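Have the structure open and try each task before you read its solution.

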Amino acid sequence: MEIKPHKKWTSRINKWENISVDEYKFIFEQAKEKLDDVLSETESITDKSIKIGTAVVAFLGFYLGLVIQNHLFKSHKLLVASTFIFAIINLFVIIKLIFPSLISNRGCSPEASTTPDFDNDDDKGYYLQKLYYNSIGILQDKIDKTVTRNSNRILIYKIALASFALFLILMGISLGFII
């Protein structure tokens with residue numbers, strides 16, 4: 001899977017003042033819906049990561065109790081140590097997924113939507129179009145950045161799943177020596 005670096009959006013609209021307010025409104029609503037979808041995917045990755053993290057902690061507690069109770073560490077040090085190492089690695093990966101950095105917020109701030117020359121006399125009568133135009137660019141940029149970040153997080157999530165699977169396999173092998 002190739003992850004492309006984020007590239008700032010460039011508009012395909014050459015003359016922003018020729019677009020009607022209704023057309024801008026439609027484009028803005030579509031961009032807002034798309035950003036909501038992308039941010040929902042971000043939240044979904046976080047929720048799934050919390051579930052895996054909870055499972056790792058529960059299984060790790062269970063495993064630790066069995067290791068101590070059956071003195072498994074004395075006879076199978078490498079296996080027990082490997083199992084704990086995979087569990088700890090898994091927890092670090094999951095923490096990175098649960099607390100992602102640089103998450104985009106929904107919507108646009110007024111400061112970002114208005115440019116320094118927003119109320120320029122040359123653009124009189126086009127302020128609403130200019131506002132929509134600036135806001136659409138901001139939303140598109142957030143969409144692009146979040147899609148890139150989600151692609152990276154999905155890759156990390158797959159690593160967390162693989163690490164969790166290895167932890168469970170090693171734990172199963174260890175428990176096979178008890179039974």
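**Exercise 1. Find which residues touch the most other members of the largest nonpolar core, and which helix gives the largest share.**

Step 1. The largest nonpolar core has 19 residues, and Ile52, Val56, Tyr63 and Phe167 touch the most other members. A nonpolar core is a set of buried Ala, Val, Leu, Ile, Met, Phe, Trp, Tyr and Cys residues joined through side-chain atoms within 4.5 Å. Buried means under 20% relative accessible area, exposed over 50%, and partly exposed in between (1.4 Å probe, protein chains only).

Step 2. At least two residues of this core come from each of helix 1 (21–69), helix 3 (77–98) and helix 5 (127–178). Helix 1 gives the largest share, seven residues. Helices (H or I, at least four residues) and strands (E, at least two) are DSSP runs, numbered from the N terminus.

Before going on, a note on the model. It is predicted: local features need pLDDT of at least 70, side-chain atom pairs count only at pLDDT 80 or more, and totals for chains, interfaces and linings use all residues. Residues are numbered from 1 along each chain as its sequence is written, and side-chain values use heavy atoms, with hydrogens and water left out.

**Exercise 2. List the contacts of Val56, leaving aside its neighbours within four places in sequence.**

Step 1. Contact means heavy atoms within 4.5 Å.

Step 2. With those neighbours left aside, Val56 is in contact with Ala87, Asn90, Leu91, Ile94, Phe164 and Phe167.

Step 3. Now look for a second, separate core: it has eleven residues, among them Phe28, Leu35, Tyr132 and Leu139.

**Exercise 3. Describe how helix 1 and helix 5 are arranged.**

Step 1. Their axes come within 8 Å and cross at roughly 20 degrees. Axes are lines fitted to C-alpha atoms, for helices over the stretch in contact, and angles run from 0 to 180 degrees between N-to-C directions.

Step 2. Helix 1 is therefore roughly parallel to helix 5. Angles under 35 degrees count as roughly parallel, over 145 as roughly antiparallel, 65 to 115 as roughly perpendicular and the rest as oblique.
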